[in-house]
Amino acid sequence: MTVVAPNPLAEGLHDYRVGEPCLMVIFGATGDLSGRKLLPALYNLAKQRLLPAGFAVVGAAIDDLTDESFRANAAEKIKEHSRTQPIDQRVLDAFLSECFYVKVDFGKLDDFKNLQRRLVDLDTTRHVTGNRMFYCATPPPTYETIVEQIKAAGLKSGEGFHRIVVEKPFGSDLKSARELTQILQRVFREDEVYRIDHYLGKETVQNILAFRFANSIFEPVWNANLVDSVQITVAEEIGIEGRGSYYDKAGALRDVVQNHALQLLALVAMEPPLAFEANSVRDEKVKVLRAIRPILDEEVAKSTVRGQYTKGWVLGEHVSGYREEKNVAPGSLTETFAALRLFIDNWRWANVPFYIRAGKRMPKRVTEIRIQFKRPPHITFGREATRELDPNAITLRIQPEEGISLRFGAKVPSAGLRIRSVTMDFQYLTTFLVETPEAYERLLLDCMIGDPTLFTRADEVEAAWSLIDPVEAAWRDGRPPLAMYAAGTWGPAVAGKLIEQDGREWHRP
């Protein structure tokens, strides 16, 4: 028999945290989010033996299904969307045997009472002791109804923990975000509410903190003394993918900048937390968001850009413009590109500009953070020898090629003295020889365990909306004007002027 040696590079990559037995109720279990993300993530957790003993999934949706038909649908989705292939049939069969279904019309209290009876039966047979996770894989307008029915039907009662998970967007402005928090807190305490932003579950996003605070050589230079500027790019080559009815009311500022981009900024700019635990990490993130200088009145035109894609070519394919997309108003003024110049008014980052850009129908899909350092104060080798030398930079690549690059100067092998910029690369896949887990795997496991570190707290959401609301209001008034850009480009020309006014230029990923 051939013995396969273990991969030494993968040592320590397994997560040995296991939560208490619990039941996970997925509201909207037959929907797209459940089929593409949640069920495949749970299967992969089962494959890694990370699901707690006694764990079971209870699907709750309007469709008229039995346990068996729900399991058949789940098997189909898992086979199609699981990150690990081929499917391990034994693991899949064992996981599906722990999946159940209850038909639930969110407007009918009797359906929730029926769900409660099913959960009580499963509690008894599986010795779960009342632990329950409620996952709202449904549109945000349904949250209030679901929460009220949970209370009325007695689903949140008795022993054990009770947690609810809600997906972004967490409101559409500061007022609605506060209203959502009030709705959730009528039934659940704040520490029982898990606001999930899947970006925070990405390994490379979490590695921002590891890179900064586990390496003594980087943190001393991570400040205004040596950092010239920071660029955050969240680019997608796709369009709105059939989400016209939602996206035309949201736009890039609300859909990406308010959550994903500001989360990345907070992690890059935050002070070292006392420990990697929920309150310490989230306290520091909130401090950063509150320290961002508000963009008000005439500053909106100087520090923001909004754009919308027209027809063009993306990855060799001709695509239509945004206004030709399905369920988009013909004269829509919704932005598909947003760029902002921000300043953080604290000691560490005084006068360092943070540039954010997010857009659809860009040349390629890429999310990255680039920390650009200042040039040396004196050109020791002369201008001619260093004309090919760029400033030092660290690039944190979040997706799709997860890794970190360090840009520095090195002497070119030759008789003369020439300094050229070179790159030192770290890539997850080639270093650890394993595929990084899906974000939902980490986040679902954290919720089972009761670790909210990577989930968004109410005051964090409100701080982000407080920054975005004045910009959104100015944009609705037409300030600055909507700029058009051809699909397959890096946004409108005025986005370049936003950064060029400071004597800088956008990094080309």
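Colleague: How are helix 8 and helix 9 oriented to each other: roughly parallel or roughly perpendicular?

Modeller: First, the basis of the reading: this is a predicted model, in which local features need pLDDT of at least 70, side-chain atom pairs count only at pLDDT 80 or more, and totals for chains, interfaces and linings use all residues. Residues are numbered from 1 along each chain as its sequence is written, and side-chain values use heavy atoms, with hydrogens and water left out. Helices (H or I, at least four residues) and strands (E, at least two) are DSSP runs, numbered from the N terminus. Axes are lines fitted to C-alpha atoms, for helices over the stretch in contact, and angles run from 0 to 180 degrees between N-to-C directions. Angles of 65 to 115 degrees count as roughly perpendicular, under 35 as roughly parallel, over 145 as roughly antiparallel and the rest as oblique. Helix 8 (residues 244-269) and helix 9 (residues 278-291) pack at about 110°, their axes 9 Å apart; the two are therefore roughly perpendicular to each other.

Colleague: In what order do the six strands of the open sheet run?

Modeller: Strands of a sheet pair through backbone hydrogen bonds, either parallel or antiparallel. Two strands count as paired if DSSP finds at least two bridges between them. Here the order is 3-2-1-4-5-6, with parallel pairing. Strand 3 (99-103) and strand 6 are the edge strands, each pairing on one side only. From one strand to the next, the twist averages 20°. Strand 4 (residues 132-136) is joined to strand 5 by five bridges, and Tyr-135 stands opposite Val-165 of strand 5.

Colleague: Why does the length of helix 6 agree with expectation?

Modeller: The expected span is 1.5 Å times one less than the number of residues. The twelve residues of helix 6 (residues 174-185) should therefore span 16 Å, and its end C-alpha atoms are 16 Å apart.

Colleague: Which residues of helix 6 are buried?

Modeller: Buried means under 20% relative accessible area, exposed over 50%, and partly exposed in between (1.4 Å probe, protein chains only). The buried residues of helix 6 include Leu-174, Ala-177 and Ile-183. Helix 5 (143-152), strand 5 (162-167), strand 6 (193-196) and helix 13 (458-476) are what its buried residues pack against.

Colleague: Is Gly-316 buried or exposed?

Modeller: Gly-316 counts as exposed, because its relative accessibility is 65%. Gly-316 lies in the loop between strand 9 (312-314) and strand 10 (317-319).

Conventions:
Contact = heavy atoms within 4.5 Å.
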